[in-house]
Each structure stands twice: as structure tokens, then as C-alpha cells.
Amino acid sequence: AVFPGMTDFTFMESKKGKLFINTPDSLTGNTSEKCNASSAAFQSRESGLVDMTGEENDILKGMRDLISMLPANNEEETVCNECGDDLNRLCESVLDMVNDGKSVIKEFADNHEFFEIKDKYAKEMVTGFAKVNGMTIGCIANRMETLDGSGEAVEKHSMLLTAKGCEKAA
């Protein structure tokens with residue numbers, strides 16, 4: 001039960017996956033039948049222990065996407081993949097996205113690709129990986145609102161730093 005807390009990344013299937021930190025009957029009100037503290041929703045939204053949840057195919061795709069962003073090990077030389085994006089391109093729409101850090105990061109990233117870590121935990125903070133000019137970088141940004149694909153705000157978040165948001169950023 002302690003092992004997922006020590007891993008770099010934890011992926012969990014959203015419907016059948018269970019992650020027990022305590023046995024089901026050790027917490028008041030969390031019976032074997034209920035087991036809500038072991039669900040993917042709880043572990044990703046409340047505890048922040050799980051980085052990504054979804055159906056099995058989504059999880060496998062997420063793992064592939066993350067692996068494609070990371071170097072093979074800490075001793076590997078900096079790897080730069082060829083990038084067709086112009087590093088000096090204009091990002092005229094970035095001013096419309098100023099309240100959503102994720103949208104701003106995607107605007108600057110190669111091919112507008114960003115892999116977000118812990119997307120359901122402390123939504124007022126965005127953390128993840130992007131490539132800029134073929135090189136992987138870690139990204140952290142505040143988020144006051146979540147924008148949909150058309151640039152409309154679909155969710156509002158705290159304008160203040162929260163304990164969970166700071167923990168996520170750290």
C-alpha cells in the first residue's frame with residue numbers, strides 16, 4: 001500500500017482499480033462494501049496519489065505518451081528530437097488563455113502537445129511535460145479557469161495558492 005506513494009508515476013484503471021492505503025474497515029464509515037477511499041476517483045482527486053486514471057486503453061496510451069516524453073535514464077545525454085514547429089512562431093491567441101496555464105503551455109509546446117500529471121488533483125495548479133524545440137521540459141503553471149477546445153471557461157479555480165496546489169507543484 002505504501003509503494004504507490006514512492007513511485008514516480010502511478011496509473012490506475014478507473015472502474016475496477018482499487019488502491020488501499022488502509023484496510024477497508026480501519027477507517028470509520030469505509031466498509032468493505034463501500035471502499036470509496038480505494039477508488040481511482042478518490043486517489044486521483046483527494047489524495048493526489050494517482051497521476052492518471054481512465055479505461056485500460058486510455059491508461060496504456062497515457063503510459064506511452066509519458067514514456068515518449070522522458071529520457072531513458074538520468075545519465076542519458078540530452079536528447080532533442082527533430083521538430084517541425086517554428087520556435088519563433090507567433091502565438092496571437094495566448095492573451096485569451098492567460099487564466100489557463102495548461103492552454104498557454106500547449107500554445108508554446110511542440111505540436112501543441114502537453115502531458116499533464118495529476119490533472120484531477122489541485123486543479124488550480126498545472127504540472128506536466130512538454131517538448132520545446134524537441135527537448136522535454138517540466139512545466140508548472142497556475143490555473144484560474146479551465147478552458148475547453150473553443151476557448152470558453154468550463155471550470156473556475158481558486159486564484160490563491162492552496163496547500164494541495166503547492167504540494168502538487170513541489
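The entries below go from the strand to its partners and then to the residue.

Entry 1. I am working with a predicted model, so everything here is read from that prediction. I started with strand β4, which covers residues 125-132. Is this strand mostly buried or mostly open to the outside? I found seven of its eight residues buried, so the rest of the structure largely encloses β4.

Entry 2. Next I checked which strands pair with β4. Strand β3, residues 114-117, pairs with β4 in the antiparallel sense, and I noted four bridges there. Strand β5, residues 135-142, also runs antiparallel to β4, with eight bridges joining the two.

Entry 3. I followed the chain from β4 into β5. The two make a hairpin, and two residues sit between them. In that turn, Asn133 has a positive phi of about 55°.

Entry 4. Then I zoomed in on Thr127, which belongs to β4. What are its bridge partners on the two sides? Towards β5, I found Ile140 as the bridge partner of Thr127.

Entry 5. How buried is Thr127? Its relative accessible area is 8%, and buried means under 20%, so Thr127 counts as buried.

Entry 6. Last, I listed what Thr127 touches, leaving out residues up to four places away in sequence. Among them are Phe114, Phe115, Glu116 and Ile117, along with Cys139 and Ile140. Lys168 and Ala169 are on the list too. I also looked up Gly165, 38 residues from Thr127 along the chain: their C-alpha atoms are 9.8 Å apart.

Key: Residues numbered from 1 in each chain as written. Predicted model: local features only at pLDDT ≥ 70, side-chain atom pairs only at ≥ 80, totals over all residues. Heavy atoms only, no water. Buried < 20%, exposed > 50% of the residue type's maximum accessible area, 1.4 Å probe, protein only. Pairing = 2+ DSSP bridges. Contact = heavy atoms within 4.5 Å.
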